[in-house]
Amino acid sequence: MKVLVATDKPFAKVAVDGIRSVVEQAGMELALLEKYTDKKQLLEAVSDADAIIVRSDIIDAEVFAASSKLKIVVRAGAGFDNIQLDAATKANVCVMNTPGQNANAVAELAIGLMIYAVRNHFNGTSGTELRGKKLGIHACGNVGRNVARLAQGFGMTTYAYDAFCDAESIQGWGIIPVASAEELYKTCDVISLHIPATAETKNSINAALVGLMPKGGVLVNTARKEVIDEVSLINLMDDRRDLRYMTDIMPAAHATFVAKFPERYFATPKKMGAQTAEANINAGIAAAKQIVDFLQTGNDCFRVN
Ligand code: 3PG
């Protein structure tokens with residue numbers, strides 16, 4: 001059996017070593033395709049693979065058509081919007097993610113982006129502190145809950161809105177639940193986005209919502225760029241000279257944001273929320289173990305299709 005690690009954005013070496021050891025101890029073979037520049041390389045590499053581990057790599061019908069033996073794809077991470085689930089199901093391929101494994105890493109980056117915003121991009125001028133401010137967690141999954149835990153350590157009051165999560169659960173995590181996204185944005189000085197990119201959420205973060213934030217509001221996005229209505233946000237930031245946008249996913253309109261709002265906008269050059277050795281080890285090894293278990297016993301507990 002052959003397990004392919006296909007990562008445009010490679011794992012730390014220590015994580016690859018760990019994945020290799022799990023795969024080889026199970027009597028399977030590991031193949032590595034990192035930093036590939038052309039989809040053709042992925043199509044070739046997948047042709048004789050029984051399983052693949054990916055990150056944000058696009059796995060679509062073309063990939064399934066190129067792989068005659070493929071049985072499972074594991075997205076080493078949380079969001080699986082990069083994988084065409086219907087095409088996977090048609091090709092009889094199981095798709096899994098590794099929920100929670102990189103959540104702390106993403107949460108730490110979200111806090112880092114908040115500090116970078118309120119300390120004026122470390123430019124030497126007087127900023128503000130997180131302590132005593134209100135943080136709104138928009139979707140209370142693994143990352144959102146980790147952000148709340150860290151923010152509470154900074155002395156922030158944490159609020160959350162999650163369309164799929166009941167108020168009692170949110171309260172149980174020590175977070176104040178609110179009844180709507182509108183109430184969250186109206187209430188909070190900082191909003192941290194943790195919604196997945198779905199048909200319902202795409203373009204849903206717009207001027208009508210962000211414009212509800214109090215003066216000096218900071219929007220932090222470590223989720224997906226697709227959830228932002230970029231044109232609407234740019235227009236809002238033109239009108240509201242106090243609002244700031246910090247993102248770990250470079251918008252399509254990055255150049256416009258930089259040109260218009262150099263002091264109120266920041267984007268990482270490459271999505272790096274999950275780019276830590278620890279997150280790579282956690283997610284990569286979990287993915288390898290899930291593959292071995294699935295191929296050996298049929299256990300499909302983290303299946304998403
Ligand atoms: C995730 O969905 O797990 C995060 O967005 C991390 O994505 P990455 O593996 O591409 O860094």
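This is a predicted model: local features need pLDDT of at least 70, side-chain atom pairs count only at pLDDT 80 or more; totals for chains, interfaces and linings use all residues.
Trainee: Which residues make up domain 1 and domain 2?
Mentor: Domain 2 is one stretch, 103–267.

Trainee: How many residues does each domain bring to the contact?
Mentor: Start with the spacing: the domain centres, taken over C-alpha atoms, are 31 Å apart. The contact then draws on both sides, with 5 residues from domain 2 and, from domain 1, 8 residues.

Trainee: How much area do domain 1 and domain 2 bury between them?
Mentor: Carbon and sulfur atoms account for 46% of it. On the domain 1 side, Asp81, Gly100 and Thr276 lose the most area to domain 2, together 66% of what that side buries. The area between the two domains comes to about 450 Å².

Trainee: Which residue pairs with aspartate 81 in a salt bridge?
Mentor: The rule finds 1 salt bridge across the interface. For aspartate 81, the closest N and O atoms of the pair are 3.1 Å apart, within the 4 Å cut-off, so the pair counts. The partner is arginine 224.

Trainee: What classes of residue does domain 1 use where it touches domain 2?
Mentor: Between the domains, 2 residue pairs are in polar contact. Sorted by class, the domain 1 side has 4 polar, 2 charged and 2 nonpolar residues.

Trainee: Which side chain has an N or O atom 2.7 Å from an oxygen atom of the ligand?
Mentor: The residues around the ligand include Arg224, Ala78, Gly79 and Lys271. Alanine 78 uses a backbone N or O atom, 2.7 Å from a ligand oxygen, and glycine 79 also uses a backbone N or O atom, at 2.8 Å. The side chain you want belongs to lysine 271.

Trainee: How much of the ligand's exposed area does the protein bury?
Mentor: Take the ligand alone, and it exposes 320 Å². With the protein in place, the buried part of that is 94%.

Definitions and conventions:
Residues are numbered from 1 along each chain as its sequence is written. Side-chain values use heavy atoms; hydrogens and water are left out. Domain bounds come from an automatic or database domain assignment. Contact means heavy atoms within 4.5 Å. Buried area is the accessible area (1.4 Å probe) that two parts lose on being put together, summed over both. A salt bridge is a side-chain nitrogen of Lys or Arg within 4 Å of a carboxyl oxygen of Asp or Glu. A polar contact is a pair of N or O atoms within 3.5 Å; within protein, one must be able to donate a hydrogen and the other to accept it, and residues adjacent in sequence count only if both atoms are side-chain atoms. Ala, Val, Leu, Ile, Met, Phe, Trp, Tyr, Cys and Pro count as nonpolar, Asp, Glu, Lys and Arg as charged, and the others, Gly among them, as polar. A residue is near a molecule or strand if one of its heavy atoms lies within 4 Å of it. Accessible areas come from the Shrake-Rupley method with a 1.4 Å probe; for residues, only the protein chains shown count as cover.
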